[in-house]
Amino acid sequence: MMEFLKTCVLRRNVCTAVCFWRSKFVQKSSVVRKISTTSPRSTVMPAWVIDKYGKNEVLRFTQNMMLPIIHYPNEVIVKVHAASVNPIDVNMRSGYGATALNMKRDPLHIKVKGEEFPLTLGRDVSGVVMECGLDVKYFKPGDEVSHKPRSLTHTQAASLPYVALTAWSAINKVGGLNDKNCTGKRVLILGASGGVGTFAIQVMKAWGAQVTAVCSQDASELVRKLGADDVIDYKYGNVEEQLKSLKPFDFILDNVGGSTETWALNFLKKWSGATYVTLVTPFLLNMDRLGIADGMLQTGVTVGSKALKHFWQGVHYRWAFFMASGPYLDEIADLVDAGKIQPVIEQTFPFSKVPEALLKVERGHARGKTVINVV
Ligand SMILES: NC(=O)c1ccc[n+]([C@@H]2O[C@H](COP(=O)([O-])OP(=O)(O)OC[C@H]3O[C@@H](n4cnc5c(N)ncnc54)[C@H](OP(=O)(O)O)[C@@H]3O)[C@@H](O)[C@H]2O)c1
């Protein structure tokens, strides 16, 4: 979990926290904490928080954020060494997804609106386990969470979990591709130069696919170095015209969304199981606008009708979302240590410059990831 604070609590299957870690989920119990292995520690830590949603000015630095404690036996406390910023962190600063996330933080609706503040944003970290819940078997205090690729620094490792698990969800869970069935498959990646795209190119190449990357001209050298076989510059003329000269695709990963949906599916092979997966969906926005129940209903209707329309045209249309998975993070760590996937870091910032890091991500045009060094 990228947290703009010095430590965080992670719980498998319960929160969307991701990092290289794995532990077992069990039911709540009254005694939950293994004896702390740390020497008596301070009860507060520095953190970047927000007290209301808004533009970057809402970020506030505090030295006095309460240190987290273990509430459930499957939790670990991690001392964050590095954290990476994702577009969703910037969007959440502005209130995006607040309805759904407040429900997740407070399923019984005990808190009133606004009680989530002061709120610490973020989701991607690399760090060291400080303390484990009683049922945590996979980790012990002192582990570099976990188990991060041995060949990477914390800064490099923090750039991977969220984008890797999102790409894996889209490509494998939703798209059905894996290391056994991917050889020679023709894959098109829209938005190939960003965090998800730069990871997706590498995993698809590691699995033997033929990758076409769509990006801006200045990113073409980067995506070629990562393994892309063909590169299309979407700012140079019409993308559709350029794609017409290529053979149709088995799989499209769309990291851009919007108008891409109106033409991208035309470039899939028909009636052969070819699939278009988009990561850009109105799921959380619908809940923000319409509330939980109506928002989910609207989402179901939208995705259902689009999937049905494209099904009759011989292709599959799907939405994908980030999905937490310890075992898959272990697979990624193996691919990284084998030299098949490398972190792509565009810029790093010190902890004192968290607002600048968010601004950088907000400006867009990412070329890989933005990382904050916390320790
Ligand atoms: N559903 C989920 O659970 C989930 C999870 C993670 C991410 N996402 C979403 O997926 C998208 C990608 O995430 P990310 O982390 O990779 O974002 P990112 O790091 O900001 O990358 C986006 C990339 O797309 C490029 N781009 C913009 N317009 C383009 C176009 N028309 N054609 C080709 N490339 C274009 C940008 O560079 P240029 O503008 O310079 O071309 C940038 O390199 C975001 O919208 C994010 O919110 C969804």
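These legends describe close-up views of a predicted model. Residues are numbered from 1 along each chain as its sequence is written, and side-chain values use heavy atoms, without hydrogens or water. Local features need pLDDT of at least 70 and side-chain atom pairs count only at pLDDT 80 or more, while totals for chains, interfaces and linings use all residues.

**View A. The open sheet has six strands in the order 8-7-6-9-10-11.** The pairing is parallel. Strand 8 (230–233) and strand 11 (316–319) are the edge strands, each pairing on one side only. From one strand to the next, the twist averages 15°. Strands (E, at least two residues) and helices (H or I, at least four) are DSSP runs, numbered from the N terminus. Two strands pair if DSSP finds at least two bridges between them. Axes are lines fitted to C-alpha atoms, for helices over the stretch in contact; angles run from 0 to 180 degrees between N-to-C directions.

View B. A213 stands opposite V231 of strand 8. Contact here means heavy atoms within 4.5 Å.

**View C. The ligand is surrounded by 21 residues.** S193, S216, Y234, F322 and A366 are the closest. Backbone N or O atoms lie 2.9 Å from a ligand oxygen at G195 and 2.6 Å from a ligand oxygen at A366. At L279, a polar backbone atom is 3.0 Å from a ligand nitrogen. The protein covers 81% of the 910 Å² of accessible area that the ligand has on its own. That area comes from the Shrake-Rupley method with a 1.4 Å probe. Helix 4 and helix 5 (195–206) are the elements that give two or more residues to the shell. The shell divides into 12 nonpolar residues, eight polar and one charged. Ala, Val, Leu, Ile, Met, Phe, Trp, Tyr, Cys and Pro count as nonpolar, Asp, Glu, Lys and Arg as charged, and the others, Gly among them, as polar.

**View D. A cis peptide bond joins F117 and P118.** Omega is about -5°. P118 sits in the loop between helix 2 (98–105) and strand 5 (124–132), and F117 lies in the loop between helix 2 and strand 5. The C-alpha atoms of F117 and D51 are separated by 5.1 Å, though 66 residues apart along the chain. Leaving out residues up to four places away in sequence, F117 touches I50, D51, K52 and Y53.

**View E. W271 has a positive phi, near 50°.** W271 is in the loop between helix 8 (260–263) and strand 10. Most residues other than glycine have a negative phi.

Conventions: A residue is near a molecule or strand if one of its heavy atoms lies within 4 Å of it. A polar contact is a pair of N or O atoms within 3.5 Å; within protein, one must be able to donate a hydrogen and the other to accept it, and residues adjacent in sequence count only if both atoms are side-chain atoms.
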